[in-house]
Amino acid sequence: MGEFELIRHYFAAAPCAQAGDGVALGIGDDCALLALPAGEQLAVSTDTLVAGVHFPAVCDPLLLGQRSLAVAASDLAPWAPPRLPLPLP
């Protein structure tokens, strides 16, 4: 079962995953969009990185931090306004 099939099967129907009061876009994409006051939105992303799967079991903590930042930035970048620069690792 792939990532998106897993989300559809187990999580997409949950009430907390639906767009609604305070949630502009729920589960199913790389991030959720939460509605804030005055027409603003907050993009929220959560990822799991597993030792031995997503990075070597023994690795430099700095490299692990860079990998984590790259994963998060790749999820959030499509939601950033065109003129909002994201930090580079």
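## Starting in a loop

Let's begin with A14, which sits in the loop between α1 (3–11) and β1. Helix and strand labels like these are DSSP runs numbered from the N terminus (helices are H or I with at least four residues, strands are E with at least two). A14 counts as partly exposed because its relative accessibility is 25%; the band runs between buried, under 20% relative accessible area, and exposed, over 50%, with a 1.4 Å probe and protein chains only. From A14 to G26 the sequence separation is twelve residues, and the C-alpha atoms lie 10.0 Å apart.

A quick word on what you're looking at: this is a predicted model, where local features need pLDDT of at least 70 and side-chain atom pairs count only at pLDDT 80 or more, while totals for chains, interfaces and linings use all residues. Residue numbers start from 1 along each chain as its sequence is written, and side-chain values use heavy atoms, with hydrogens and water left out.

## The whole chain

How many helices and strands does the protein chain have? There are two helices and three strands, and reading from the N terminus the order is α-β-β-β-α.

Of the 89 residues in the protein chain, 9% are buried. The accessible surface is about 6,800 Å², and carbon and sulfur atoms hold 63% of that (areas come from the Shrake-Rupley method with a 1.4 Å probe; for residues, only the protein chains shown count as cover). Now for contacts, meaning heavy atoms within 4.5 Å: take those in the protein chain with a separation of 6 or more, and 23% of them join residues 24 or more positions apart.

## The sheet

The three strands make an open sheet, ordered β1-β2-β3, with antiparallel pairing. β1 and β3 (41–44) are at the edges with a single partner strand each, so each has one side left without a neighbour in the sheet. From one strand to the next, the twist averages 30° (axes are lines fitted to C-alpha atoms, for helices over the stretch in contact, and angles run from 0 to 180 degrees between N-to-C directions).

What holds strands together in general? Strands of a sheet pair through backbone hydrogen bonds, in a parallel or an antiparallel way. Here, β2 and β3 are joined by four bridges, and β1 and β2 by two; pairing takes at least two bridges found by DSSP. Across the sheet, A32 faces V44 in β3, and V23 stands opposite L34 in β2. The hairpin of β2 and β3 has five residues between the strands, and A38 there takes a positive phi near 60°.

## A closer look at A24

A24 belongs to strand β1. Is A24 buried or partly exposed? With a relative accessible area of 37%, A24 is partly exposed. Setting aside residues up to four places away in sequence, A24 touches A19, L33, L34, A35 and Q41. L36 is twelve residues from A24 in sequence, and their C-alpha atoms are 9.4 Å apart.

## The loop between β1 and β2

This loop holds two residues worth a visit. One is D30, found between β1 and β2, which counts as partly exposed because its relative accessibility is 32%. Which residues does D30 contact, beyond its neighbours within four places in sequence? They are S45 and D75. P78 is 48 residues away from D30 in sequence, yet the C-alpha to C-alpha distance is 9.2 Å.

The other is I27, in the loop between β1 (23–25) and β2 (32–35). I27 is partly exposed at 41% relative accessible area.
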